[in-house]
Amino acid sequence: MSDTNRIGVSIDSKLLEKFDEKIEEKMYANRSEAIRDLIRDFLVKDELKYSNEEVIGSLTLVYSHDTRGISDKLNQLQHEDFTNVLSSVHLHLNEENCMEIVAIKGDSNKIKEISDRLISSKGVKHGKLVMTSFKNIE
Ligand code: NI
């Protein structure tokens, strides 16, 4: 951080108390670090909503490999968008269930579209996409 500013914030005591409890729970060293993270999260969420810039996503899928054709289907979908799908990791959770983590880059709409197609595939029990940005945040 090259140029740091100090700011004063007026805040209701009860709200501050709850905030302090939460940042302790989340193991932040101090309020400043927690507030900086909240601001970054706010900026990233806005960027994901309104920009056509390239962002990144990680999609976690849980599925049963017993479902007929599921592995081939998920593999085929990822190949169809090979320019966006960077990598995937497959983990065998137990005899029945698999987890796949797929790293995707592109604009946020494209990432959502690819994720929706994978999540809605027959046999996928749960899928969760997390998107983030690596630009415009210090
Ligand atoms: Ni597996």
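In the predicted model, Met27 is located in the loop that lies between helix 1 and helix 2. Its backbone is marked by a positive phi of about 60°, although Met27 is not a glycine. Most residues other than glycine have a negative phi. Met27 is also exposed, its relative accessible area being 72%.

On the side of helix 1, the contact is made by Leu16, Phe19, Asp20 and Ile23, and on the side of helix 2 by Arg31, Ala34, Ile35 and Leu38. By class, the residues of this contact comprise six nonpolar and two charged, with no polar residue among them.

Four strands contribute to it in the order 2-3-1-4, with antiparallel pairing. Because strand 2 (85-92) and strand 4 (124-132) stand at the edges and each has a single partner strand, one side of each is left without a neighbour in the sheet. From one strand to the next, the twist averages 15°. Strands of a sheet pair through backbone hydrogen bonds, either parallel or antiparallel.

Strand 1 (residues 55-64) pairs with strand 3 (residues 97-106) over 10 bridges in the antiparallel sense. Within this pairing, Ile56 of the model stands opposite Lys105 in strand 3, and Gly57 is placed opposite Ile104 of that strand. Helix 4 (residues 108-119) packs on the sheet and touches strand 1, strand 2, strand 3 and strand 4. The direction of helix 4 makes about 170° with that of strand 4. Strand 1 is also joined to strand 4, by eight bridges, and these two strands run antiparallel. Here Val62 stands opposite His126 in strand 4.

His92 is exposed, with a relative accessible area of 67%, whereas Cys98 counts as buried, with a relative accessibility of 2%. The threshold for the buried class is under 20% relative accessible area, and that for the exposed class is over 50%.

Ile70 is buried, at 1% relative accessibility. When residues up to four places away in sequence are not counted, Ile70 touches Tyr63, Ser64 and His65, together with Ser121, Lys122, Gly123 and Val124. Although Ile70 and Gly123 are 53 residues apart along the chain, their C-alpha atoms are separated by 6.4 Å.

Notes. Residues numbered from 1 in each chain as written. Predicted model: local features only at pLDDT ≥ 70, side-chain atom pairs only at ≥ 80, totals over all residues. Heavy atoms only, no water. Pairing = 2+ DSSP bridges. Axes fitted to C-alpha atoms, helices over the stretch in contact; angles between N-to-C directions. Contact = heavy atoms within 4.5 Å. Nonpolar A, V, L, I, M, F, W, Y, C, P; charged D, E, K, R; others polar. Buried < 20%, exposed > 50% of the residue type's maximum accessible area, 1.4 Å probe, protein only.
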